[in-house]
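I opened my notebook for a first look at this entry.

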Amino acid sequence: MKRMTAIHLPLLLAAVLASSPVLADAKKDEAARQLATKSGCFICHAIELDAKGPEGLKPVGPPWKAVAARYKGDKNARKNLTAAIMGGTSVYNRHWKEESSGVAMPPNGVAISEADAKKLVDWILALPK
Ligand code: HEC
């Protein structure tokens, strides 16, 4: 077998790192956070369960880790949550009455495309506890 030259080793390391699932996840995570920031979601939402809203009230919208926990295993969650994000929710049918202080989510279709909303939903639903 040929001996590896000094140049090959860093290249090999870079290739291994770039294909590592941990790094790929970190990149996806960062992209999702940026998308949510750019789309205005964090004005009302937080990720962590113990997040507080303005004046120490509950956050305006439910923390996304709570969303992940509630819809775990729900086959329709992806479709329903994407529709909720795009079209908004109803003040008369609140899903998060006890956990949030906002009365409804306005339609976000002006701020985000449906494809991007789906990306965020997939990421939200996969958030760890
Ligand atoms: C102006 C505040 C506001 C903004 C901006 C906002 N949300 Fe919401 N969101 C809410 C509120 C309030 C609820 C809870 C509605 C309820 O109780 O039915 C909610 C609920 C949700 C839910 C759960 C829906 C359900 O049916 O259980 C998801 C998922 C969600 N938001 C994602 C997003 C994403 C992604 C964005 C950005 C594109 C976003 N939200 C922007 C206020 C907001």
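Which residues of H4 are buried? I noted first that I am working with a predicted model. Going through helix H4, I listed Ala77, Leu81, Thr82, Ala84, Ile85 and Met86 as its buried residues. A reminder to myself: an α-helix has 3.6 residues a turn, so residues three or four places apart point the same way.

Next I looked up what these residues touch. The buried residues of H4 pack against H3 and H5. I also checked the spot just after H4, where Gly88 has a positive phi of about 85°.

Then I turned to the metal. Which residues coordinate the iron atom of the ligand? I found His45, through NE2, and Met105, through SD, at 2.0 to 2.1 Å. His45 sits in the loop between helix H2 (21–38) and helix H3 (64–70), while Met105 sits in the loop between helix H4 (77–87) and helix H5 (114–125). The two are 60 residues apart, so I wrote that the pair links distant parts of the chain.

Why is the arrangement octahedral? The iron atom has 6 donor atoms around it, and I call their arrangement octahedral because they subtend angles of 87 to 178°.

His45 is buried, at 14% relative accessibility, and Met105 is partly exposed, at 22%.

Last, I went to the cysteines. Cys41 has a relative accessible area of 12%, so I put it down as buried. Cys44, at 29%, went down as partly exposed. How many disulfides are there? With sulfur pairs needing to be within 2.5 Å, my count came to 0.

Terms used. Residues numbered from 1 in each chain as written. Predicted model: local features only at pLDDT ≥ 70, side-chain atom pairs only at ≥ 80, totals over all residues. Heavy atoms only, no water. Buried < 20%, exposed > 50% of the residue type's maximum accessible area, 1.4 Å probe, protein only. Donors = N, O, S within 2.8 Å, 3.2 Å for Na, K, Ca; no water. Tetrahedral: all angles 85-135°; square planar, octahedral: opposite > 155°, others 65-115°. Helix = DSSP H or I, 4+ residues; strand = E, 2+ residues; numbered from the N terminus. Contact = heavy atoms within 4.5 Å.
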